[in-house]
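Biologist: Let us go through this model by question and answer. Please give the cut-offs as the terms come up.

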Amino acid sequence: MSKRILSKRMVIMLIILAIVFGAIFGFKAFVSMKMNEFFDNMPQPAAAVSTYEARSDSWARILEAVGTVNAVNGVDVTSQVAGEVERIQFESGDTVSKGDTLVVLESAADRAQLNALEATSRLSRQEFDRYQRLYKQGSISKSELDNRRAQRDQAAAQAAAQREQINYKTVRAPFDGILGIRQVDLGQFLQPGTPVVSLTQLEPIYVDFSLPEQELGKVEKGLKARVRLDAYPEQPFEGEITAIEPGVNEATRNVALQATFDNADGKLRPGMFADVTIQLPQSQDVVVVPRTAISFAPYGNAVFVVQDGEQKNEDGEVQKVVKKRFVKLGRRRGDLIAVVEGLKAGEVVATSGLLKLRNDATVTIENDVEPSAEATPTPDNS
């Protein structure tokens, strides 16, 4: 009997606990639901934004590529013959002219041999002159005279070859340019082909780049090219296309081009990376907005278009709301960016405060301070 009473009491206690805890959790769920409804329906304060009216513009068509700066002439000056360095007649970084002496190799033994060969050549000429007189007198045959002529010419050729060999002992600049860092020392024995110093011609200079084959019909020799370098980001360099490769690379389907630039100040150096812009003669009509009006995102870029809302504010004016609209962007130019799809000229977009905006958000327009929107900005570097 006592077991039954204990069992009933246990059941009653469990039921009471279930009712109590159910009421507690139910009350908490009810409160949470009401709080969510309150926050969801709570009016959001109007966000202050600046605006810009999208406008039509005509931009010159351009092609963009990346290239490399290359010298018109650039070599490692080397010695053609072996020898010991006797004199070095340049300093690293010197500007030299074609034919200037750079290095002189020891040539005493070669000059002594040249003296011997020149003496032999003089003797051969004298003997030939003597045999020529004898031939005219009929004292010798024509074959003997021809043999002496051959000996004379052979001796002269040997002397000339030795003279050239001595000339090779003097290493000269093959063209005008700027020397690099010296790579030889006095007394060093040079083997043929050993680099002495690098020599580079910097004026004018080339920029080599490539374009996809579908752009080949748009470019021609004489078109203006502009490059920007990482070393001088604020200074563009102007040149023109001077060569177009006649064939297309089968592996990349790109065509190689070359532009020539004046480089009197020597700022363009071989090996530099260059951003190349080619201006085409045709123009393109575009819709432009400031870059600050674009909300960039991995899933798509968008703008917030400012429109009239359905409600009025306390002053009786129609409230402004924003509508998020995804757009397709074109190229950039200064502070402006072209919108290819999704926006029409005349529509007003928000240009500031984009992080606090959402679709259908109420906004107030404050254009006292507007972001820069120039096609060719000139910021103050002071």
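Biologist: Is phenylalanine 326 buried, partly exposed or exposed?

Modeller: This is a predicted model, in which local features need pLDDT of at least 70 and side-chain atom pairs count only at pLDDT 80 or more, while totals for chains, interfaces and linings use all residues. Residues are numbered from 1 along each chain as its sequence is written, and side-chain values use heavy atoms, with hydrogens and water left out. Buried means under 20% relative accessible area, exposed over 50%, and partly exposed in between (1.4 Å probe, protein chains only). The relative accessibility of phenylalanine 326 is 46%, so the residue counts as partly exposed.

Biologist: What is the geometry of the pair of tyrosine 232 and phenylalanine 237?

Modeller: The structure holds 2 aromatic pairs. Rings of Phe, Tyr and Trp (its six-membered ring) pair if their centres lie within 6.5 Å; planes under 30 degrees apart count as stacked, over 60 as edge-to-face and the rest as tilted. For tyrosine 232 and phenylalanine 237 the centres are 6.2 Å apart and the planes are at 70°, so the pair is edge-to-face.

Biologist: Which residue lies over the face of tyrosine 232?

Modeller: A charge sits over a ring if NZ of Lys or CZ of Arg is within 6 Å of the ring centre and within 35 degrees of the ring normal. Tyrosine 232 is itself partly exposed, at 28% relative accessible area. At 5.1 Å from its ring centre lies lysine 267.
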